[in-house]
Amino acid sequence: GVLGGNANHTIRTLDEMLMLVQDARASCHGIIDHVSHCHNEQEVLLALSARIARVSQRLREIDHKANQISNEVNWDVSEKGESSEPVISSTSLENELGTYIHAVMQGTEHSSPKHPSWQSQLSVREGHLYLEVGSTIKCRIFTHPSTQTVSNVTIIGADEAETQQNSKFIVFQRLTEHVQNTIQRRPTPASLVWVVTWLNSYHDLFEGKCEVCARVMQIDLMDGPLPPLLRTVSTSNPVSSFTPIHLNCSSTV
């Protein structure tokens, strides 16, 4: 992953931002109830002033942390510089992935795909199929044995224990929900090659800027700061052209 060692720090900062957002929302929701217990206009004004000051302080802290994350991401991207990787056809990657996945599931000797967009590692551990995407996320993939299509996916942070059924981080909980909903809504069963390729596109989860708003992080009213969790796919090159988009920005596309 592009963030490398900073990924865990970024995720912790996101969680801190979420707590600030929740505190600000709680302060707003509590205003009416708090004011109803006031006995005169002066008490009402004092109560409103205190609540507004608390919300304003939380918003300033949220903005500070958002800028902190943005600076970290921008610094890491600038340090890496522009890539001069050759363009390889999507068919080439599909062929490599088909052979790679088969070898992994059979437990035979294999090498990872050489395609420049491939940033993941597939493995079978204790009978379960895992895809580690960069140094950011770990995906557990459930398949139908007879058809090799995907029935479900759960996503946790790269450093979270594989025994966890759900991530403790909001960002990975929402990503899991989005992936599961996408698989379930597909008119045809999701092939393992397609799902693995799609999940691999999240290697830049905390780097890729939204195609619509051109920002990495966006404040969601319910969940706090989130990176682009959607990936649109180019019809001309469906494997290598994944475009990041925020959930809230998708309605404008």
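**View 1. Glutamine 121 and its bridge partner.** Glutamine 121 is paired with glutamate 132 of β2. β1 and β2 run antiparallel and are joined by six bridges; two strands count as paired if DSSP finds at least two bridges between them. Strands (E, at least two residues) and helices (H or I, at least four) are DSSP runs, numbered from the N terminus. This is a predicted model, in which local features need pLDDT of at least 70, side-chain atom pairs count only at pLDDT 80 or more, and totals for chains, interfaces and linings use all residues. Residues are numbered from 1 along each chain as its sequence is written, and side-chain values use heavy atoms, with hydrogens and water left out.

**View 2. The open sheet.** Five strands line up in the order β1-β2-β3-β4-β5, with antiparallel pairing. β1 (120-125) and β5 (190-191) stand at the edges with a single partner strand each, so one side of each has no neighbour in the sheet.

**View 3. Helix α4.** The 16 residues of α4 (residues 170-185) should span 22 Å at 1.5 Å a residue, and the end C-alpha atoms are 22 Å apart, which agrees; the expected span is 1.5 Å times one less than the number of residues. Among the buried residues of α4 are Phe172, Leu175 and His178 (buried: under 20% relative accessible area, 1.4 Å probe, protein chains only).

**View 4. Around isoleucine 141.** Leaving aside residues up to four places away in sequence, isoleucine 141 touches Leu129, Leu131, Val150, Asn152, Val153, Leu192, Val196 and Leu199 (contact: heavy atoms within 4.5 Å).

Technical notes: Buried means under 20% relative accessible area, exposed over 50%, partly exposed in between (1.4 Å probe, protein chains only).
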